[in-house]
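The following note sets out points for a colleague who is reading this structure alongside its sequence. Each numbered point takes up one topic.

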Amino acid sequence: MHRVGSATNAANSVRPRKEKRFTYVLKDADDTKHCAGVNCLALLKSSVTDECDYLFTGSRDGTLKRWALVEDGVSCSVTFESHVDWVNDVVIAGGNTLVSCSSDTTLKTWNCLSDGSCTRTLRQHSDYVTSLATAQKNSNIVASGGLGGEVFVWDLEAALVPTFKTSDVTENDCSNGVNGLGNSLPITSIRTISSGNSISQSHGYVPIAAKGHKESVYALAMNDYGTLLVSGGTEKVVRVWDPRTGSKTMKLRGHSDNVRALLLDSTGRLCLSGSSDSMIRLWDLGQQRCVHSYAVHTDSVWALSSNSSFSHVYSGGRDRSLYLTDLATRESILLCTKENPILQLALLDDGIWVATTDSAVHKWPVEGHNPQKVFQRGGSFLAGNLSFSRARASLEGSTLVPVYKEPSLTVPGTPGIVQHEILSNRRHVLTKDTAGSVKLWEITRGVVVKDYGEVSFEEKKKELFEMVSIPAWFTVDARLGSLSVHLDTPQCFSAEMYSIDLNIIGKPEDDKVNLARETLKGLFANWLTKRRHRFGPQASVNGEVPSAKDISATSLTLSRAEVDGNAENDSAVYPPFEFSTASPPSIITEGSQGGPRRKKITDFDGTEDDKFFPLWCLDCVLNNRLPPRENTKSSFYLHPCDGSAVQILTQGKLSAPRILRIQKVINYVVEKMVLDKPDSMDPDGTSAPGVPGGQLLHPSVGVDGSLRSRLKPWQKLKPSIEILCNNQVLSPDMSLATVRAYIWKKQEDLVLNYRVLQGR
């Protein structure tokens, strides 16, 4: 503890720029399963008879997975990981190119049969990308639409040609210079489309823009040859485009709510649309009109899939029901009912795969080659062309019985997290998943330390409450179905604990441990090991990392950075910060190039630098430098209790680390009284008359209150002291921050009182 002056330093009036956020995503034990709803499906049928087919799934957990479809079941063979938000749609173009789109505003391309590495990131959308469409017989063409009202048509052959890039960029990037998160990106190669749609060639590629939507786009479809594109969204109309030029062809009206699903037959003459008005409509594009309406569902229609001849349509949606409808006879039948809304369908031979808001995917039996056989089972009804409530009147209140009770095959998922609470110790997070299971996570290690099963979340939260105050050094969310932990500088470096409280063996008990710094060391441990192996042992200090001069010139000036004195360039990872390599977390990060991306901590090869990671992270891990921090100290007054004859030890304000325990304050009071005692002490511990109080902190007393000089015989009689705040006796284990938060509860400087315990 030390005395602080009454005058305060003027705050820096220069507002620092916003640094890039660092996020890590924690995973449960089984990484081969999705942990959030599955938004999209794609099927790759093998051209060789003895090889298996593949199912691709894109999930709200931000990943895609490839499943091998074998006779006795399914197995996850690869996880595709690079998107940083929900994967909303996926298509296969050209037989071996997987194209995905995401709420992170990007499209990404992958080799279908690869190990999961992203081959290109395409950036052109300004908002969530919601839908994709591809031409089956023109493998290069893919269309994308999103919430920004934009529709783009991409020529993959042109877009995937390697562009000029520095050797530091790990993913090829095709960008318009601004990503969807509003951050500027380096413009290495673009060409622009003028208002007249003429293309001025620069270094690279920009897709064709189909301009006309004023609101969000939710659905796209394209004919086999890529000569016709249809789109729908919140404008309640179906728009028809020539994807070769981006020009509008026609606009079809009829739906009374959002258009959520679209299908085109192979010729592009017929179009099916599903809407939030619960209707399915069949359009003749040659006649530019709706020729049939099908009232089958009781709620929004979100998914459509047809057989190859376009004679029958499978439909699903918010009512959790899967129907088969004969487009010619209007006969419909309920195939199955689900527990969750249906998001997408994929038809393959004798089965149809159904994706829902659940993390599992189910395959239901169908008569793929002869769908009419299903109607022979009975239970069908005639779909009306009015609202569903009227159309169902012909059933006279009868309840539909689904044809199938159980799926023929299931791709299992894991329950996603739907509720979470950061505990007061700022190291544990309590979660509840879709199965009702309550778990306790230790976020500095990324593991579940306790699974409580199906118990009351609120009761468990109350049970685990601790009266302890630690700064909020991180935030969390469960948008991806798992815990995403966000670190923002400089506030993430505000939390410290003593090594004894973390049970770190071999480290002095009173050493302060910065939680964010040690967590980053744990997350970067694998990267740092590979970096040292590649560049030598000095890579942690200089190696291929920007020098201190470079860093100071860009974002972290040496004059504003603090070297962690306790770190002593220590790169060892302490046990409370060791992350699992069996189920490693993923890092979502953004460096100086390429926009945000996601990668497992075990997949880094050591070559990544400030192009991939934020500079402040590298500066912390490699150079032990932390940014300037505020509020790391707590100011307080230390006075004797009212009416006490105890001497006044100090009259000014004291300052100490917020994590300082009250036991240290007790030690300070005791030693101050003993050391400043000139010759005698009364039995009750009060000072002898005439001894002036309020002396400065004795020079032989350190910040931990330990004695550094030998005590005289009369100094060995130490009084027993209690510390109080608001007339409440404080536990010696409390920290100054805890006392301020739970006992003092005022904005003013903390006031502590001390008194001597009688008869001790």
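1. In the hairpin formed by strand 27 and strand 28, 3 residues lie between the strands, and Arg-320 takes a positive phi near 65 degrees. Helices (H or I, at least four residues) and strands (E, at least two) are DSSP runs numbered from the N terminus, and two strands pair if DSSP finds at least two bridges between them. Strand 27 and strand 28 are antiparallel and share 4 bridges; Val-313 has Thr-325 of strand 28 as its bridge partner.

2. On the basis of the values: this is a predicted model, in which local features need pLDDT of at least 70 and side-chain atom pairs count only at pLDDT 80 or more, while totals for chains, interfaces and linings use all residues. Residues are numbered from 1 along each chain as its sequence is written, and side-chain values use heavy atoms, with hydrogens and water left out.

3. Strand 28 and strand 29 have 4 residues between them, and here Arg-330 takes a positive phi near 70 degrees. Strand 29 covers residues 331–337 and is joined to strand 28 by 5 bridges in the antiparallel sense. Leu-324 has Ile-333 in strand 29 as its bridge partner.

4. Which strands make up the open sheet, and in what order? The order is 26-27-28-29-33, with 5 strands and antiparallel pairing. Strand 26 (301–306) and strand 33 (381–382) each have a single partner strand, so one side of each edge strand is left without a neighbour in the sheet. Between strand 26 and strand 27 (residues 312–317) there are 5 bridges, and Ser-306 is partnered with Val-313.

5. The largest nonpolar core has 44 residues, of which Phe-22, Tyr-24, Leu-487, Leu-520 and Phe-524 touch the most other members. Such a core is a set of buried Ala, Val, Leu, Ile, Met, Phe, Trp, Tyr and Cys residues joined through side-chain atoms within 4.5 Å. Two or more residues come from each of strand 2 (22–25), strand 40 (484–487), helix 5 (515–535) and helix 7 (615–623). Helix 5 gives the most, with 7 residues. Another core, of 30 residues, lies apart from this one and includes Phe-636, Leu-649, Val-674 and Val-739.

6. Strand 2 pairs with strand 40 in the antiparallel sense over 4 bridges, with Tyr-24 opposite Val-485. Strand 2 is also antiparallel to strand 44 (residues 586–589), through 3 bridges, and there Tyr-24 has Ile-587 as its bridge partner. Beyond its neighbours within four places in sequence, Phe-22 is in contact (heavy atoms within 4.5 Å) with residues including Leu-487, Leu-520, Phe-524, Ile-587 and Trp-616.

7. Just after helix 7, Asn-624 takes a positive phi of about 60 degrees.

8. The whole structure holds 16 aromatic pairs. Rings of Phe, Tyr and Trp (its six-membered ring) pair if their centres lie within 6.5 Å; planes under 30 degrees apart count as stacked, over 60 as edge-to-face and the rest as tilted. The ring centres of Trp-473 and Phe-474 are 4.9 Å apart with planes at 75 degrees, so this pair is edge-to-face. Trp-473 is buried at a relative accessible area of 2%, and Phe-474 is buried at 4%. Ring pairs also link Phe-22, Phe-524, Trp-527, Phe-604, Phe-612 and Phe-613 into a cluster.

9. For the chain overall, the secondary structure comes to 9 helices and 51 strands, and 56% of the 760 residues count as buried.

Definitions and conventions: Buried means under 20% relative accessible area, exposed over 50%, partly exposed in between (1.4 Å probe, protein chains only).
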